[in-house]
Amino acid sequence: MFLSTAQQELLENYTQMLLSWNAIHSLSGAKDTKDIQKNIENSLYPLSKIDLSHKHLLLDIGSGNGFPAIPLHIALRIPTILCEPNAKKAAFLQNIKATLKLQNLSIQRKKIESLELKNLPDLITSRATFATKVLLEKCKHCIKDNTTLLLYKGSNVKNEIPDNLKYTHFTHTLSQYLIINGKDILC
């Protein structure tokens with residue numbers, strides 16, 4: 001995906017802020033610029049595999065240090081809701097929003113089970129939060145037929161998938177990506 005100079009600068013500033021906060025608050029295992037850039041690349045990689053340009057609202061569950069939601073928000077330029085119950089991580093995300101002047105970004109310091117939305121998202125992401133079956137149960141109230149779930153998973157991904165669930169799966173470096181359509185969950 002092509003990123004404008006302004007988008008690249010936002011990602012560079014995000015990298016520097018994460019490095020700074022990480023030194024004090026241990027938000028991420030990424031300890032240097034190279035590690036963070038790898039996380040950004042892994043966050044954006046699905047854009048080369050699936051078309052998300054028609055999506056209008058992104059919900060990220062367990063946003064933590066901002067992967068994959070911050071890079072996706074910058075790249076897709078769509079309204080984004082970050083759901084993060086941890087106070088320290090939510091404060092970091094608020095700081096990212098304010099410092100980078102990210103428009104249409106909302107941080108909700110709540111567990112996904114208690115999140116109430118007027119408009120349901122058509123894109124849901126989550127990285128390394130819950131086992132797939134548990135995540136689908138916790139966020140079912142946020143899913144509609146045309147919602148795409150893009151889950152960033154680890155090596156155990158195949159063991160987490162509920163029986164009879166339709167999905168698409170692909171791999172990039174050590175990252176596993178799982179794509180599920182809302183209509184396949186709600187039926």
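Is the crossing of H1 and H3 left-handed or right-handed? The crossing is right-handed, where left-handed would have the near helix turned anticlockwise from the far one by less than a right angle, and right-handed has it turned clockwise. Keep in mind that this is a predicted model, where local features need pLDDT of at least 70 and side-chain atom pairs count only at pLDDT 80 or more, while totals for chains, interfaces and linings use all residues. Residues are numbered from 1 along each chain as its sequence is written, and side-chain values use heavy atoms, with hydrogens and water left out.

**How H1 and H3 meet**
- The axes (lines fitted to C-alpha atoms over the stretch in contact, with angles from 0 to 180 degrees between N-to-C directions) come within 9 Å and cross at roughly 165 degrees.
- H1 and H3 are therefore roughly antiparallel (an angle over 145 degrees) to each other.
- On the H1 side, Gln7, Leu10, Leu11 and Tyr14 make the contact (heavy atoms within 4.5 Å), and on the H3 side it's Ile70, Pro71, Ile74 and Ala75.

**The largest nonpolar core**
- A nonpolar core is a set of buried (under 20% relative accessible area, 1.4 Å probe, protein chains only) Ala, Val, Leu, Ile, Met, Phe, Trp, Tyr and Cys residues joined through side-chain atoms within 4.5 Å.
- The largest one has 38 residues, and Tyr14, Leu44, Ile70, Phe92 and Ile96 touch the most other members.
- Beyond its neighbours within four places in sequence, Ile96 is in contact with Tyr14, Met17, Ile70, Lys101 and Leu102.

Methods:
Buried means under 20% relative accessible area, exposed over 50%, partly exposed in between (1.4 Å probe, protein chains only). Helices (H or I, at least four residues) and strands (E, at least two) are DSSP runs, numbered from the N terminus. Angles under 35 degrees count as roughly parallel, over 145 as roughly antiparallel, 65 to 115 as roughly perpendicular and the rest as oblique.
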